[in-house]
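Here's a walk through the packing of one protein chain. Have the viewer open and follow along.

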Amino acid sequence: AKCKPFPVFFFQILNMAEQTERAYQKQPTIFQNRKAALLSAKGKRNLRYTKNVGLGFKTPREAMEGGYIDKKCPFTGNVSIRGRILTGVIAKMKMMRTIVIRRDYLHFVKKYQRFEKRHKNMSVHLSPCFRDVSIGDVVTVGECRPLSKTVKFNVLKVTKGTSSKKGFRKF
């Protein structure tokens, strides 16, 4: 008799890459126990929930094809983008899935009829669908519901920054 592979463990094998937490990570909108899909050959397509955030922002390919689970991602999670759309430069990347961006602006001082430089730092959620981001990249962020005490914005687009400093760069 020929041995068949166990199709019951198909989704467990797929999800082992992103299972790094103590709790089982899954997308709440996807039902993973479809027996008809498990037993048929056609059922091996990628079951993944993605959405279009609107406002002209494209859903990244990694969000559609990737294997990460992030409930705070605007493309695959339960977060809607509404309100302000801002841009800034990545200043720090020391937190998990959260970055600090710096927003520079000019403030007019009426007494001297001149402008002075000012800046604000913002904590922003960075979804795992944005790979190979580094300090100095320009990001476009959109306002969403409060994700934590300090995080109220989500990254929607990353454009590579110009490296003005001379020195070591990756490739």
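**Rings, core and a buried glycine**

Let's start with a charge and a ring: the charged end of R48 lies over the ring of Y68, 4.7 Å from the ring's centre (that takes NZ of Lys or CZ of Arg within 6 Å of the ring centre and within 35 degrees of the ring normal). Bear in mind that this is a predicted model, where local features need pLDDT of at least 70, side-chain atom pairs count only at pLDDT 80 or more, and totals for chains, interfaces and linings use all residues. Residues are numbered from 1 along each chain as its sequence is written, and side-chain values use heavy atoms, leaving out hydrogens and water.

There are two aromatic pairs here (ring centres of Phe, Tyr or Trp, the latter by its six-membered ring, within 6.5 Å; planes under 30 degrees apart are stacked, over 60 edge-to-face, the rest tilted). F75 and F130 have ring centres 6.1 Å apart and planes at 70°, so this pair is edge-to-face. Both F75 and F130 are buried (under 20% relative accessible area with a 1.4 Å probe, protein chains only; exposed is over 50%, partly exposed in between).

F75 and F130 also turn up among the residues with the most contacts inside the largest nonpolar core, which has 26 residues (buried Ala, Val, Leu, Ile, Met, Phe, Trp, Tyr and Cys joined through side-chain atoms within 4.5 Å).

Now find G77: at 10% relative accessibility, G77 counts as buried. G77 sits 49 residues from P28 in sequence, yet their C-alpha atoms are 8.9 Å apart.
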